[in-house]
Every structure is written in C-alpha cells, then in structure tokens.
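Colleague: Could you take me through the sheet and what packs on it? I'd like the cut-offs along the way.

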Amino acid sequence: MKNKKTYVIAGAGSGIGLALREKLLADGHQVIAIVRNPDYIKEQENLTFVLHDFSEENLLPEINGTIDGLIYCPGTINLKPFASLKEKDVLDDFKVNVLGAFRFIHKYSMPLRESQDGSILLFSSVAVQSGMPFHTTVGISKGGVEGLTRSLSAEFAPKIRVNCIAPSLTDTPLAKNLLNSDTKRLANAERHPLKRVGTAEEIAALAMFILND
C-alpha cells in the first residue's frame, strides 16, 4: 500500500466529497470529513467527522497533526436571469465558494506545510471558461476559486501543489433540481459530446489522480 496520508475534505457528506472520501479510505488513508449535517455522520475506520457550515461565519475547529491534503468541495448552484439577481445572491454564493475556500486553506495551511508532499484541491465550474446563460453568480464565485488556485499554486510551490477541477453538471444532490426528471436529464446529457451527465465517482477518480504522488 502507498504511504498512509491524512486528508481533510470539506463537504465530505455527499456528492463528489463523499465519493472522494470513500476512495481515499479504500486506499487506506486517514480522512477528516467536514460536514454541515449530523445526518451525514457514519462511523468508519480511519474516518473522523467535524461539523461545520461554510455558509456561516463560525470558526473552523483545530486539527492537530500533519495534514497531507486539503480538499474543498462545498458549492452552490443558483441559476437565475441576471435581471432577477440581487446583491445577496452574489454575496451568498461568493461566501460559500470563495471565502469558504479561503478560510479553509488559511486555517489549515500550517499543518499542511508539515507534509512532505502537500496538496490542495478546489472545485470550479466549466461555466467560468465557457460562459453559460443564467450562470452569473456561478461564474463570479467560481472564477474567484480559479484565481485563488492560480495565486496559491505560484505562492506555495514547489512544496505544496494546488489544483482545481472544473466539471460540467454532475449527478450529485446539489444538482438534483436540474436532473429530477427524464426530460431534464436528457436535455442536459445532449449538451455534452458524450451525451450523458458525469457522475461523482468519475470526478472523484480524477481527484485521486491529482492528489496522488
């Protein structure tokens, strides 16, 4: 087995965060899972849970010991016409996607520096580079995530690698309202060359490759 490492996953209760959590545990790593809902807590070997909601401004808990990887998965999907958007919509999405990631990394960057092969992984959206209707707040907030990624990858190199995955619509609980009928699922699948919607497990597999030595 590869060297056992410790990973902290924010948003590890569902979707991509959950799929990645299970893959890391299957490889024998230690996972500290930050979740906002106590219903997500499920005792398992090498797994520790921490309750925290990144839409709130509560202080993140202390984590003792070396951290080898930080993964920030919380996100928002707030699709509205530009004319109907309020400043609060923009700020709410920015708070979760950008400030949440900033606070998460800022809090745990020191124990991450103790690692011999530290890694940070963030998540953006294909909407940032492609531009999509009704994705204003997604584009603004995830664009901030990509800016944070590039800045930290330059500042933390060469000891800590910083990467970002920008998926299209993925079949997760966050996207359930966009995929809750056969008609919607087919329409979204047709937008992709592969004619299907991606899965959390597929994105988690890419994340495992990026986190790997």
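Modeller: Let's start with terms: two strands pair if DSSP finds at least two bridges between them, and strands (E, at least two residues) and helices (H or I, at least four) are DSSP runs, numbered from the N terminus. This is a predicted model, where local features need pLDDT of at least 70, side-chain atom pairs count only at pLDDT 80 or more, and totals for chains, interfaces and linings use all residues. Residues are numbered from 1 along each chain as its sequence is written, and side-chain values use heavy atoms, with hydrogens and water left out.

Now, Val31 stands opposite Leu47 in E3. Strand E2 (residues 30-35) pairs with E3 in the parallel sense, over five bridges. Zooming out, the sheet is open, with six strands in the order E3-E2-E1-E4-E5-E6 and parallel pairing. E3 (47-51) and E6 (160-165) stand at the edges with a single partner strand each, so one side of each has no neighbour in the sheet. From one strand to the next, the twist averages 15° (axes are lines fitted to C-alpha atoms, for helices over the stretch in contact; angles run from 0 to 180 degrees between N-to-C directions).

As for packing, H4 touches strand E5 (118-123) and E6, its direction making about 160° with that of E6; contact means heavy atoms within 4.5 Å. Helix H6 (residues 200-211) lies across E1, strand E4 (69-72), E5 and E6, also running at about 160° to E6.

In E1 (residues 6-10) you'll find Thr6, which counts as buried at 18% relative accessibility (buried is under 20% relative accessible area, exposed over 50%, partly exposed in between, with a 1.4 Å probe and protein chains only).
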